[in-house]
Amino acid sequence: MDPAILFAVLMALLAYSCIAVGEVMMKKGISWLGWTGEKDGLYYRSRRLWLIGLILVNLYGIPSAVALRHLSAHVMGAFSGWVVVLLVCLSHRVLKEKLTRADRMYALLFVVGIVALNLLEKPVNDAVASFSVLAALSLLPLGLLSGGMSRGVSRRIRTIACGIAAGMSAGLMVIYLRLLVLEFRFSVLRYFESPWLYLYVFFALLSLVALQLAFKSGGMILTTSMKYSAAIITPFLGAVVVFSRPVNPWQWAAAALIVFAVIRLIPRSEAG
């Protein structure tokens, strides 16, 4: 494997490791949101933990931008499943929970899918082929969130809609960050000249809000299943309909393998 690609893969793993640790901290400290009564020590500890988690989640953008210099958006998006794999490993190492044969198998399947995806990837210069399609794809999570929060919607449907909206927003973040890196490389100050930066920030906030709403409405297993499936699939849709990039059937098969492995691992990660 090209050393530059290998370095990009390591940066992608670091980026999603920031998200894994950050999301755990935010979930542990979420009780400060909507707090009623006197603000005691627990309130301030929870808020501090949640804010540290938020910072970690947003630090993801730095190694992610480095990775996207050499990885396409749909390959980068597939690494989001690493969050779940890492949580399973942490529950074993830190919480001393038993790591089953099935856990090892699904983690291995995730790794196989990631390796296959990178080996099957051919160098192509990404460029937006259709701004109207990109706009339409960007409206989907907004529509899902709006529909999910409508009156009369069951808690399960609300959780599914908000979870998918959170995942699609995360996938769109990868697409917009890829566009920024392609256009300006690492001239960070020039990012402020581009609408892609503000769309990236908008979908970062939308993903955060949708995820918190999903957590409030339903269980973490259903929420994270929806989120990470959508976060992996959305950049693949972007590759086809936005960049008009050829994605062969074997790459779709690798993506399906990654989604399958992640969904099967989620109950273990949530148990920890």
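**Positive surface patch**

I found that Lys39, Arg45, Arg47 and Arg48 gather in a patch of positive charge on the surface. A patch is made of residues with over 30% relative accessible area and no salt bridge, like charges being joined within 9 Å. Lys and Arg count as positive, and the place of a charge is taken as NZ of Lys or CZ of Arg. Accessible areas come from the Shrake-Rupley method with a 1.4 Å probe.

I noted the basis of the model: it is predicted, local features need pLDDT of at least 70, side-chain atom pairs count only at pLDDT 80 or more, and totals for chains, interfaces and linings use all residues. Residues are numbered from 1 along each chain as its sequence is written, and side-chain values use heavy atoms, with hydrogens and water left out.

I located Arg47 in helix α2 (residues 41-59); helices are DSSP runs (H or I) of at least four residues, numbered from the N terminus. Arg47 counts as partly exposed because its relative accessibility is 32%, where buried means under 20%, exposed over 50% and partly exposed in between.

**Salt bridge**

I counted one salt bridge in the structure, defined as a side-chain nitrogen of Lys or Arg within 4 Å of a carboxyl oxygen of Asp or Glu. Arg190 pairs with Glu193, and their closest N and O atoms are 4.0 Å apart. Arg190 is partly exposed at 41%, and Glu193 is exposed at 57% relative accessibility.

**Ser229**

Is Ser229 buried or exposed? At 13% relative accessibility, I recorded Ser229 as buried. Ser229 lies in helix α10 (residues 220-241). Leaving aside residues up to four places away in sequence, Ser229 touches Val259 and Ile263, contact meaning heavy atoms within 4.5 Å.

Definitions and conventions:
Patch = residues over 30% accessible without salt bridge, like charges linked within 9 Å, V, L, I, M, F, W, Y side chains within 5 Å. Helix = DSSP H or I, 4+ residues; strand = E, 2+ residues; numbered from the N terminus. Buried < 20%, exposed > 50% of the residue type's maximum accessible area, 1.4 Å probe, protein only.
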